[in-house]
Amino acid sequence: MKYEWRKKEKHLYLPKEEPQLIEIPEHKFLTIEGNGNPNGPDFAERVGVLYSLAYGVRMMPRNGFEPEGYYEYTVYPLEGIWSISEDAKKKKTWSKEDLTYKIMIRQPDFVTENVAEEALKIVERKKPHHLLKEAKFETITDGLALQILHLGPYDDEPASFAKMNAYMEANGLLKRKQDHREIYLTDARKTNPDKQKTVLRYFVEKVN
């Protein structure tokens, strides 16, 4: 039976529209970094490279390589850790051109460094791209996090962040770092902005 993250890991990917404190364990990811406006072509190319690799892993058995412990699964959603450049942090105002990001797609537990390298070889052979050399295989632990489900356009996220900020103040929490994670449950290319679903996460710590 195919592993469905939407059914098996609801606590991680399907939160409510109110802030929720959660402990995020160690997960494996294919990642790529970038900067600038996410509405531009460079961001779209980096997303495309990530999906090529993610499906390279997913389809490995059809390409003559089956990793130890392989099982059928649904590819995980696109995620991103967002911040702004160091120069932008010194300014009073900033724009989307100042954004920095690490986008990623989570991988099943059976994926190792060797499996990721094999997927890279498959994609380089079938769908070469100059950005493939920038992709990485990483293990990331978010730890204690505050998350919320944001419904609607990305530009309306400040309303959801305001809810999270109020929750932190009321519950003795502080951010451990200024960047935040976003998980895209819908495809912005195919979904009406008002119907978009995005998980927002802060990395937090308790102060009392």
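How many cavities of 30 Å³ or more does the count come to? In this predicted model, the count comes to 1 cavity of that size. Rolling a probe the size of a water molecule over the atoms shows where empty space is left. The largest cavity has a volume of about 40 Å³.

The lining of the largest cavity is formed by Tyr13, Ile24, His27, Phe29, Glu79, Ile140, Asp142, Arg181 and Arg201. Sorted by class, this lining comprises 4 nonpolar, 1 polar and 4 charged residues. Two strands, β1 (residues 20-35) and β4 (136-151), each supply at least two residues of the lining. Strand β1 makes the greatest contribution, with 3 residues.

Strand β1 also takes part in strand pairing, being joined to β3 by 8 bridges. The two strands run antiparallel, and within this pair Ile32 stands opposite Ile103 in β3. Strand β3 is paired with strand β2 (residues 78-84) as well, through 7 bridges. This second pairing is likewise antiparallel, and here Ser83 stands opposite Thr100 in β3.

Strand β3 spans residues 99-107 and is mostly covered. Of its 9 residues, 8 are buried, that is, they have under 20% relative accessible area. Strand β3 is thus described both by its cover and by its antiparallel pairings with β1 and β2.

Notes:
Residues are numbered from 1 along each chain as its sequence is written. This is a predicted model: local features need pLDDT of at least 70, side-chain atom pairs count only at pLDDT 80 or more; totals for chains, interfaces and linings use all residues. Side-chain values use heavy atoms; hydrogens and water are left out. Buried means under 20% relative accessible area, exposed over 50%, partly exposed in between (1.4 Å probe, protein chains only). Helices (H or I, at least four residues) and strands (E, at least two) are DSSP runs, numbered from the N terminus. Two strands pair if DSSP finds at least two bridges between them. On a 1 Å grid over the protein atoms alone, a cavity is a set of points where a 1.4 Å probe fits but cannot get out, and a pocket is an open set with protein on both sides within 12 Å along at least five of seven lines; lining residues have an atom within 4 Å of a point. Grid points are joined across faces, edges and corners, and a volume is the space filled by probe spheres set on the points. Ala, Val, Leu, Ile, Met, Phe, Trp, Tyr, Cys and Pro count as nonpolar, Asp, Glu, Lys and Arg as charged, and the others, Gly among them, as polar.
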